[in-house]
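Subject: Structure handover

Dear colleague,

Here is the structure for your files. My notes on it follow below.

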Amino acid sequence: MASSVTLGSCPWVLHHHPSTQSKTPRSRSPSLITLKPITLTPKRTVSSASHTISSSLVTKEDNNLKSTTSSSFDFMSYILRKADSVNRALDSAVPLREPLKIHEAMRYSLLAGGKRVRPVLCIAACELVGGEESLAMPAACAVEMIHTMSLIHDDLPCMDNDDLRRGKPTNHKVYGEDVAVLAGDALLSFAFEHLASATSSEVSPARVVRAVGELAKAIGTEGLVAGQVADISSEGLELNDVGLDHLEFIHLHKTAALLEASAVLGGIVGGGSDEEIERLRKFARCIGLLFQVVDDILDVTKSSQELGKTAGKDLIADKLTYPKLMGLEKSREFAEKLNREARDQLLGFDSDKVAPLLALANYIANRQN
C-alpha cells in the first residue's frame, strides 16, 4: 500500500498521476515532510554461542545529537568498505565480453566510481532489519545499474547535454550518443535480470517479486521518469509560475524515488516487517529530498573541479532549484530540517544497527561534492 506524506498543506502519495503537478500553488514558505512517529516494539536480541546481547534503542534524545554516531561509529570506514564490496560485485556482474563495445560502455560509467550512496543504503537497510550484506548485494547492484543508466541518459545532448560526469568525459563523449543510449538501456534491463536471478534462495520468491515491483514503480511514470519529465517541462519558467510544491514533486520523483527504492529493497530482502519497511521508506524519502537540496546548493557554491561535474549547469539551463526559489540561506535551513525529519524515522531501532543510516543522513546533509 502506498504511504502518504504531507508536504506543507498538500497531501502527497508516492505514486502520483501526472495531472497532480498542475495543482501546485504559486509560492509559499518551505514545507517539510511531516510524518507521525510509529511506536516500534523492542528489537530482537542477538544471540551468540555463549550469551545473548540485548539491543539498545535509539531515543529521541540520542537522535537530536548530530554527533550521536561520530564517537562510536566510523562512517567513512563503513561506506568505503561497503562501496568496495559493491564495486567488486558490479565488476563481476557486468564482465567485459562480447559484444565488446556495448559492455565497454556499460562498464565505463558503471565502474567510474561515485559515492555508491544508493547501494550502501540498500545494504544498511537490509542489515538494520536483521539481514546480511550478501542478501542485499544483488538489489544493491541493481539500483546502482539503474542509477548509472539515469546518469548516462541525463547527460545526453537531448537532456542536460553535459560533458563531465564523476570527473570523466560523459559516456556519449567517449562512445557516441547511439552507444550511450544503448548502454543505458542495457543496464536498465540487466538490473532486473540480476535482481531476479542473483538474489539468494534464502529470500523467498514472494519477496523477490515484491522487490522487482518496487524497483519498477520507482523508475517509471510514477517515479524517476515523472520527475524527469516535470524537470524538463519546468526549464525557463518564471518564478511566479511555479512554487515549492512543484519543485518538491520533481525531486521526490526524480531523486528521492530511487533512494527510497534502495532502502525499501534492502528491507524487503532482509526480511523486514511491513512496519519496518515503511519506516525505511519514509527515512529514504526524506534523505532523497535532502540529497537534492544539498545538490542544488553545491551547484552554486562549488567549482567543477570540486564537484567532479560541471558546476553551475542548473543556472545555465535556467532550471528550477531550491536556491533559485528560496535563496541560499533558506535552502540550507531546509536541508537541516529534512535531516532531522529523516533521523526521527529511525527512533526505536537498534542503536548499533541504525548507526550507518544515521551517519548516512548526516553525510548527505554535509557532503561537499
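To begin with the helix pairs, H5 passes H7 in a left-handed crossing (left-handed if the near helix is turned anticlockwise from the far one by less than a right angle, right-handed if clockwise). The helix labels are DSSP runs numbered from the N terminus, H or I of at least four residues for helices and E of at least two for strands. This is a predicted model, in which local features need pLDDT of at least 70 and side-chain atom pairs count only at pLDDT 80 or more, while totals for chains, interfaces and linings use all residues. Residues are numbered from 1 along each chain as its sequence is written, and side-chain values use heavy atoms, with hydrogens and water left out.

The axes of H5 and H7 are 8 Å apart, at an angle of about 165°. Axes here are lines fitted to C-alpha atoms, for helices over the stretch in contact, and angles run from 0 to 180 degrees between N-to-C directions. The two helices H5 and H7 are therefore roughly antiparallel (over 145 degrees; under 35 is roughly parallel, 65 to 115 roughly perpendicular, and the rest oblique).

H7 covers residues 177–198. Its 22 residues reach 30 Å from the first C-alpha to the last, close to the 32 Å expected at 1.5 Å a residue (the expected span being 1.5 Å times one less than the number of residues). The buried residues of H7 include Val 179, Ala 183, Leu 187, Phe 190 and His 194, where buried means under 20% relative accessible area, exposed over 50% and partly exposed in between, with a 1.4 Å probe and protein chains only. An α-helix has 3.6 residues a turn, so residues three or four places apart point the same way. The buried residues of H7 pack against H2, H3, H5, H6, H8 and H11.

The axes of H2 and H5 come within 10 Å and cross at roughly 70°, and that makes H2 roughly perpendicular to H5. In this pair, Lys 82, Ser 85, Val 86, Ala 89, Leu 90 and Ala 93 of H2 meet Glu 133, Met 137, Cys 141, Glu 144 and Met 145 of H5 (contact means heavy atoms within 4.5 Å). The axes of H4 and H11 come within 7 Å and cross at roughly 30°, so H4 and H11 are roughly parallel to each other. H4 passes H11 in a right-handed crossing. Among the residues making that contact are Val 117, Leu 121 and Ala 125 of H4 and Leu 258, Ser 262 and Gly 266 of H11.

Next, the cores. A nonpolar core is a set of buried Ala, Val, Leu, Ile, Met, Phe, Trp, Tyr and Cys residues joined through side-chain atoms within 4.5 Å. The largest one has 51 residues, of which Leu 121, Leu 357 and Leu 360 touch the most other members. The helices that each supply at least two of its residues include H2, H4, H10, H11, H16 and H17. H12 gives the most to this core, with 12 residues. Leaving aside residues up to four places away in sequence, Leu 357 touches Leu 121, Ala 124, Leu 128, Leu 280, Phe 283 and Leu 346. A second, separate core has 49 residues, including Leu 90, Val 94, Val 208 and Leu 215.

Some points on the backbone follow. Most residues other than glycine have a negative phi, and most peptide bonds are trans. A cis peptide bond joins Glu 98 and Pro 99, with omega about -10°, and Pro 99 is in the loop between H2 and H3. Arg 116, in the loop between H3 and H4, has a positive phi near 60° and is buried, with a relative accessible area of 2%. Asn 161 also has a positive phi, about 55°; Asn 161 sits in the loop between H5 and strand E6 and is partly exposed at 46% relative accessibility.

Over the protein as a whole, there are 17 helices and seven strands, and 53% of the 369 residues count as buried. Among contacts between residues at least 6 apart in sequence, 77% join residues at least 24 apart.

Regards
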